[in-house]
Amino acid sequence: MSLRTRIQLSITFLLVILLLIANTTIYLMFKNASIKSEQELLQSTASHIIEELNKGGNSTNEEVLHTFLISDGVIRLVNRKGDSDLNLTRENSYKKIQTSFRNDQFEGVLTYNGSKFILVSTPIIHDNGSIVNLQIIQNADGMFSNLEDLKGVLVFTSFLVIGILCIAGWVLGGVITRPIHRFISTMKTIEEEESYQQIEITKSKRDELNQLGMTFNSMMRKLEDSYLKQEQFVSDASHELKTPLTVISGYVSLLKRWGSTRPEVLEEAINSIESESARMKFMTEQLLQLASAEKLGEFAKERMDIVPIVGSTIERLSRTYKNEIIWTTEPKQIVAEIHEQSFVQLLVILLDNANKYSNDVIQVKLREQEGCVELSITDKGIGIPGEAQPYIFDRMYRVDKNRSRKSGGTGLGLFIAKRISERHGGSISLISKEGHGTTFIVSLPISEVQ
Ligand code: ADP
């Protein structure tokens with residue numbers, strides 16, 4: 001069942017029930033009030049009759065009752081056996097209306113020959129000393145016909161209102177489901193065309209459907225963004241891998257032609273093939289590192305002292321670096337929740353860059369700062385131009401492609417470093433001046449020392 005039909009049926013069903021309860025209550029209350037008021041009128045006539053009878057005087061019961069004779073009814077006295085001692089009416093057929101004797105006062109509604117009658121009965125003492133019922137029976141066809149009219153009006157208005165409700169429910173259902181249909185059709189188009197189309201939304205409205213649309217649009221933008229980045233990455237990666245492969249295949253052809261006759265070509269080709277394949281190996285390694293940095297969230301982080309980790313990494317790298325590394329730490333123990341392997345990877349990326357892009361001493365500082373551990377790596381190298389700084393952490397971004405390629409750069413290092421910092425709940429930033437040097441600052445949330 002469609003949402004529109006469901007809304008329409010629920011609204012109609014609920015309001016029909018309310019309408020039925022309201023109309024039935026109105027009808028029953030009106031009917032009871034009408035009958036009661038008729039009975040009260042008859043009751044008051046009965047009281048007058050009893051008053052006259054009690055006065056005594058020369059008049060017989062029959063004479064007194066005659067004076068109260070009603071136009072469309074009966075006044076009678078009923079004895080214990082249920083027979084009428086007196087039965088006064090202008091309509092002879094009413095004499096046959098069956099009533100019974102009771103010791104107490106009572107009222108009721110009777111049906112005779114298809115007509116409705118209101119009855120009131122009061123016990124009194126007869127001329128002859130016996131107890132009889134003074135009963136007044138009044139034709140109430142007029143009142144019941146009014147009640148029938150009222151019933152007709154209520155039934156008619158009920159159907160009218162139900163009809164209007166059906167239409168209103170349908171229209172309301174349409175108003176509510178229209179944006180949903182728009183969402184569905186946009187989503188279908190997105191699915192069919194594999195596009196990242198946005199849903200049209202009215203900015204002025206702040207309802208839930210609009211919020212749903214805005215969330216969907218922002219999700220689509222993120223998806224599109226990530227898809228474009230993915231595409232860019234694949235094209236960059238394939239381009240980067242194509243260059244060394246082209247070089248290698250060029251040298252292989254050269255070797256085929258001249259390799260056996262010219263030893264200098266052989267040596268040059270082997271050297272180039274070796275360096276290009278080493279570059280390719282490094283690049284694929286970085287791509288694998290990138291994949292593991294993306295998965296860091298799944299790795300369990302542990303609380304550990306990071307001072308010895310930084311110390312041993314620096315010691316290991318210093319052996320192969322052209323530049324000296326000086327490092328200081330304040331305090332001597334800093335416990336943080338980290339994934340050790342990734343943290344070392346982050347450190348190596350920044351130290352490798354400082355060593356690659358400078359020819360002077362590298363300074364590493366480790367310190368505690370406002371609940372964070374701050375690691376800064378400073379070199380006095382070539383620096384990064386201001387216009388390149390906003391893109392420096394982008395995937396495969398390199399300032400000078402040629403220079404970076406020569407130094408074996410892939411443009412993935414800083415991107416991986418940023419991912420690792422973020423996955424630790426921290427951040428990475430830089431301060432750099434072209435020609436003077438660069439400082440990279442990594443800030444990670446610290447754990448309380450146990
Ligand atoms: P790469 O593998 O090319 O070094 P990175 O992502 O590590 O890739 O660095 C991106 C670019 O940032 C590099 O190509 C380089 O131009 C610049 N860069 C990174 N670190 C430094 C630094 N310490 N000094 C100068 N330039 C740097």
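A salt bridge is a side-chain nitrogen of Lys or Arg within 4 Å of a carboxyl oxygen of Asp or Glu. The model shown above is predicted.

**Exercise 1. Salt bridges**

Task: State how many salt bridges the structure holds, and examine the pair formed by aspartate 104 and arginine 102.

Solution. 
- Step 1. The count of salt bridges in the structure is 9.
- Step 2. Between aspartate 104 and arginine 102, the closest N and O atoms are 3.3 Å apart. The pair qualifies as a salt bridge because the cut-off is 4 Å.
- Step 3. Aspartate 104 has a relative accessible area of 39% and is partly exposed. Arginine 102, at 38%, is likewise classed as partly exposed.

**Exercise 2. Further charged pairs**

Task: Find the salt-bridge partner of arginine 262 and that of arginine 319, and describe the accessibility of the residues concerned.

Solution. 
- Step 1. Arginine 262 pairs with glutamate 264, with 3.2 Å between the closest N and O atoms.
- Step 2. Arginine 262 is partly exposed at 35% relative accessibility, and glutamate 264 is partly exposed at 47%.
- Step 3. Arginine 319 meets glutamate 315 in a salt bridge, with an N to O distance of 3.8 Å. Both arginine 319 and glutamate 315 are exposed.
- Step 4. Salt bridges can also form a network: Lys418, Arg419 and Glu422 are linked in this way.

**Exercise 3. A patch of charge**

Task: Which residues gather in a patch of negative charge on the surface, and where is glutamate 191 placed?

Solution. 
- Step 1. The patch of negative charge consists of Glu191, Glu192, Glu193 and Glu194.
- Step 2. Glutamate 191 belongs to helix H3, which covers residues 141-193.
- Step 3. The relative accessible area of glutamate 191 is 63%.

**Exercise 4. Backbone angles**

Task: Describe the phi angles of asparagine 113 and glutamate 370, and the peptide bond between glutamate 330 and proline 331.

Solution. 
- Step 1. Most residues other than glycine have a negative phi, and most peptide bonds are trans.
- Step 2. Asparagine 113, although not a glycine, has a positive phi of about 50 degrees. The residue sits in the loop between strand E3 (106-112) and strand E4 (115-125). With 66% relative accessibility, asparagine 113 is exposed.
- Step 3. Glutamate 370 also has a positive phi, near 45 degrees. Its place is the loop between strand E9 (362-369) and strand E10 (372-379), and its relative accessible area of 79% makes glutamate 370 exposed.
- Step 4. The bond joining glutamate 330 and proline 331 is a cis peptide bond, with omega at about 5 degrees. Proline 331 lies in the loop between strand E7 (325-330) and strand E8 (335-338).

**Exercise 5. Cysteines**

Task: How many disulfides does the structure hold, and are cysteine 166 and cysteine 372 buried or partly exposed?

Solution. 
- Step 1. The number of disulfides is 0.
- Step 2. A residue counts as buried under 20% relative accessible area, as exposed over 50%, and as partly exposed in between.
- Step 3. The value for cysteine 166 is 31%, so cysteine 166 is partly exposed.
- Step 4. The value for cysteine 372 is 23%, so cysteine 372 is partly exposed.

Methods: Residues numbered from 1 in each chain as written. Predicted model: local features only at pLDDT ≥ 70, side-chain atom pairs only at ≥ 80, totals over all residues. Heavy atoms only, no water. Patch = residues over 30% accessible without salt bridge, like charges linked within 9 Å, V, L, I, M, F, W, Y side chains within 5 Å. Areas by Shrake-Rupley, 256 points an atom, 1.4 Å probe, with all protein chains shown as cover. Lys, Arg positive; Asp, Glu negative; His and termini not counted. Charge placed at Lys NZ, Arg CZ, Asp CG, Glu CD. Helix = DSSP H or I, 4+ residues; strand = E, 2+ residues; numbered from the N terminus. Buried < 20%, exposed > 50% of the residue type's maximum accessible area, 1.4 Å probe, protein only. Disulfide = S-S within 2.5 Å.
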